[in-house]
Amino acid sequence: MESEDFKPSKLGTKEYWDDAYERELQTFKDIGDVGEIWFGEESMTRVLRWIDRENIPENAAILDIGTGNGILLVELAKQGFTNLTGIDYSTASVELAKRVLQTQDINNVTIKDTEEGKAGYIQALREALKNQGLFSITSCNWTKEQLLQMFSEGFEFVQELPTPSYQFGGRTGNNVTAVIFKRLH
Ligand SMILES: C[S@@+](CC[C@H](N)C(=O)[O-])C[C@H]1O[C@@H](n2cnc3c(N)ncnc32)[C@H](O)[C@@H]1O
C-alpha cells in the first residue's frame, strides 16, 4: 500500500487542502461564495444520479468523506435524505461546510474533523460502512487500477461510473475516476 505508486501528488496533501479551504472559507466570510465543487458540478450530479438509481431509502446513513464545502450534503438534504454526515481532515473545510449548511437552514447534518492519512481513511471507511454497505469514490489522484488495488482487501468492486475522457498523443485518459465499491464482511 505504501509503494512509490501510491505517493500522493501535491494535490493529495493535507497542506494543499488546508491552504485551499482556508482561502475558500475566507471568501465565504467575505462575500458568501460557497466555492468550488472540486471536480465540477457534473461529478456531483454523477453521484446523485447513481444514488437515485439505487433507490436508496431517505433514512439511509450517508457519509460524505472529504466533504469540502458540504454542497453534496446540501443537495442530499434537499432531496429528503435525513441521516447525513460529512467528514474532512481540513479544519477550514469543516468550518466552511458547517457555515454553508447553516445558511441553507439545514440543521440535521453532522460535520466532523477526521484524522490525516490514507491508512486512516480506509480504516475509517471500513468502520463507517455496514457489511455490504456501498461507497462511491471520485478521485483525480488515482486511476481505476490503483483504486482497485487500494480497496482490494475487504471491498468488492461494484461498478465504474462513466467520466469524461480526453485524447492526447493518441492515448485516451480520464481527469477523474468514479468508482463504486461494497464492503465485504
Ligand atoms: C477534491 S476535494 C473534494 C471536496 C468536495 N467533496 C467536492 O466535491 O468539492 C477533496 C477533499 O477531501 C479532503 N480529504 C483528502 N484526503 C482526506 C483524508 N485522508 N481524510 C479526510 N479528508 C480528506 C480534502 O480536505 C478535501 O476537502
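A nitrogen atom of the ligand lies 2.8 Å from a polar backbone atom of Gly 66, a polar contact being a pair of N or O atoms within 3.5 Å (within protein, one must be able to donate a hydrogen and the other to accept it, and residues adjacent in sequence count only if both atoms are side-chain atoms). Taken alone, the ligand exposes 600 Å², and the protein buries 84% of that; accessible areas come from the Shrake-Rupley method with a 1.4 Å probe, and for residues only the protein chains shown count as cover. The model is predicted, with local features needing pLDDT of at least 70 and side-chain atom pairs counting only at pLDDT 80 or more, while totals for chains, interfaces and linings use all residues. Residues are numbered from 1 along each chain as its sequence is written, and side-chain values use heavy atoms, with hydrogens and water left out.

**Ligand surroundings**

- The ligand is surrounded by 16 residues, the closest being Tyr 21, Trp 38, Gly 66, Asp 88 and Tyr 89; a residue is near a molecule or strand if one of its heavy atoms lies within 4 Å of it.
- This shell divides into seven nonpolar, six polar and three charged residues (Ala, Val, Leu, Ile, Met, Phe, Trp, Tyr, Cys and Pro count as nonpolar, Asp, Glu, Lys and Arg as charged, and the others, Gly among them, as polar).
- A polar backbone atom of Trp 38 is 2.7 Å from an oxygen atom of the ligand.
- A nitrogen atom of the ligand lies 3.3 Å from a backbone N or O atom of Tyr 89.

**Parallel sheet**

- Three strands form an open sheet in the order β1-β2-β3, with parallel pairing; strands (E, at least two residues) and helices (H or I, at least four) are DSSP runs numbered from the N terminus, and two strands pair if DSSP finds at least two bridges between them.
- β1 (61–65) and β3 (109–113) stand at the edges with a single partner strand each, so one side of each has no neighbour in the sheet.
- Neighbouring strands of this sheet are turned by 20 degrees against each other on average, direction ignored; axes are lines fitted to C-alpha atoms, for helices over the stretch in contact, and angles run from 0 to 180 degrees between N-to-C directions.
- Five bridges join β1 to β2 (residues 83–88) in the parallel sense, and Ile 62 stands opposite Leu 84 in β2.
- Helix α3 (residues 71–78) packs on the sheet and touches β1, β2 and β3, its direction making about 180 degrees with that of β2; contact means heavy atoms within 4.5 Å.

**Antiparallel sheet**

- Another open sheet of three strands has the order β4-β8-β5, with antiparallel pairing.
- Its edge strands, β4 (134–139) and β5 (155–161), each pair on one side only.
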